[in-house]
Each structure stands twice: as structure tokens, then as C-alpha cells.
Amino acid sequence: EAGMLDPLGLTLEMQRLLTLAQSEWDIRVVEEDEIDPQRFRALPADKLQTGLGCLDAVEVQRVRENSKRYSSVWLTPEFHFITVRMIHGKRDGNEFELRLRELRVDGKPVPITDNCPGGPAS
């Protein structure tokens with residue numbers, strides 16, 4: 001069916017929509033054997049401490065009504081909105097977190113910048 005995305009396509013679509021400065025959108029995502037309509041909200045860019053130092057990052061939250069689950073991803077405009085952090089979990093339960101530690105562009109490591117004001121944080 002046209003207009004549906006898999007999880008990888010979802011990330012690419014988020015990158016595209018952020019370059020268009022859109023802050024809220026609905027996307028139909030193929031999850032295992034079903035189609036799941038999902039809503040997302042982008043928050044204003046803020047500083048985020050990463051493995052590359054302090055970067056501007058946009059937090060995109062998956063909007064869930066009456067759910068114990070939560071998901072957020074942070075993407076940086078400095079590198080075409082690549083993911084620099086992601087969390088997914090259940091309130092009062094387990095949490096999965098992914099953080100960018102290093103990045104290579106054209107085979108060369110991206111230099112580490114200064115820490116965010118106030119020292120390392122997340």
C-alpha cells in the first residue's frame with residue numbers, strides 16, 4: 001500500500017521532514033505483520049552532549065495516548081539529521097538507549113568538539 005514505511009524508511013522520512021521544518025506528522029508504519037498509524041512531534045533544537053561533544057539536536061517524540069511506553073530520538077542538523085541518541089522504554093520498566101559514540105564521514109573521523117556548558121550531560 002502506498003505511503004507506508006518500514007522502520008528504516010521512517011528514519012529517512014523523519015530526516016526529510018525535519019529539513020522541511022515540519023514539527024508534527026502522522027506516518028503509517030509497517031510493524032511486523034500490521035500497519036500501525038503513528039504520530040510524531042519534533043521539539044525545538046537544544047544542546048545535547050554526545051560522543052562528538054556538544055551538538056544541536058532535535059528531539060522527536062513518538063506521541064502515544066494512554067500508553068506505558070515512550071520513545072524519543074534526537075537528530076542533529078549538523079550532519080543531515082543523523083540519529084545521535086535514542087531511547088525507548090516502559091514507565092516503571094526496562095529502557096533501551098542508543099548513543100552515538102563516533103562518526104566517520106568519507107572514512108575520516110569527525111573531530112570531537114567541546115562539552116556542553118555545565119559539563120557532560122545528556
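**Notebook: charged side chains and a hairpin**

I began with Glu-34, which counts as partly exposed because its relative accessibility is 47%. A reminder to myself: this is a predicted model.

Glu-34 belongs to strand S3, which covers residues 34–42. I then looked at the charges around Glu-34 and found a patch of negative charge on the surface, made up of Glu-31, Glu-32, Asp-33 and Glu-34.

**Salt bridges**

How many salt bridges does a search of the whole structure find? I noted eight, and went through some of them one by one.

My first stop was helix H1, residues 7–19, where both Arg-16 and Glu-13 lie. Their side chains meet in a salt bridge, at 2.8 Å from N to O. The two are three residues apart, about one turn of the helix. I also looked up the cover on Arg-16: with a relative accessible area of 41%, Arg-16 is partly exposed.

Next I took Arg-62 and Asp-36, whose side chains form a salt bridge at 3.2 Å, N to O. Here I wanted to know which parts the pair ties together. Arg-62 sits in strand S5 (residues 53–63) and Asp-36 in strand S3, so this contact links parts that are 26 residues apart in sequence. Is Arg-62 buried or exposed? Arg-62 is buried, as its relative accessible area is 16%, and the cut-off for buried is under 20%.

Then came Arg-99 and Glu-97, with a salt bridge of 2.6 Å, N to O, between their side chains.

Strand S7 (residues 82–90) and strand S8 (residues 95–99) run antiparallel, and five bridges join them.

I finished at the turn. S7 and S8 form a hairpin, and four residues lie between the two strands.

Conventions
Residues numbered from 1 in each chain as written. Predicted model: local features only at pLDDT ≥ 70, side-chain atom pairs only at ≥ 80, totals over all residues. Heavy atoms only, no water. Patch = residues over 30% accessible without salt bridge, like charges linked within 9 Å, V, L, I, M, F, W, Y side chains within 5 Å. Areas by Shrake-Rupley, 256 points an atom, 1.4 Å probe, with all protein chains shown as cover. Salt bridge = Lys/Arg side-chain N within 4 Å of Asp/Glu carboxyl O. Lys, Arg positive; Asp, Glu negative; His and termini not counted. Charge placed at Lys NZ, Arg CZ, Asp CG, Glu CD. Buried < 20%, exposed > 50% of the residue type's maximum accessible area, 1.4 Å probe, protein only. Pairing = 2+ DSSP bridges.
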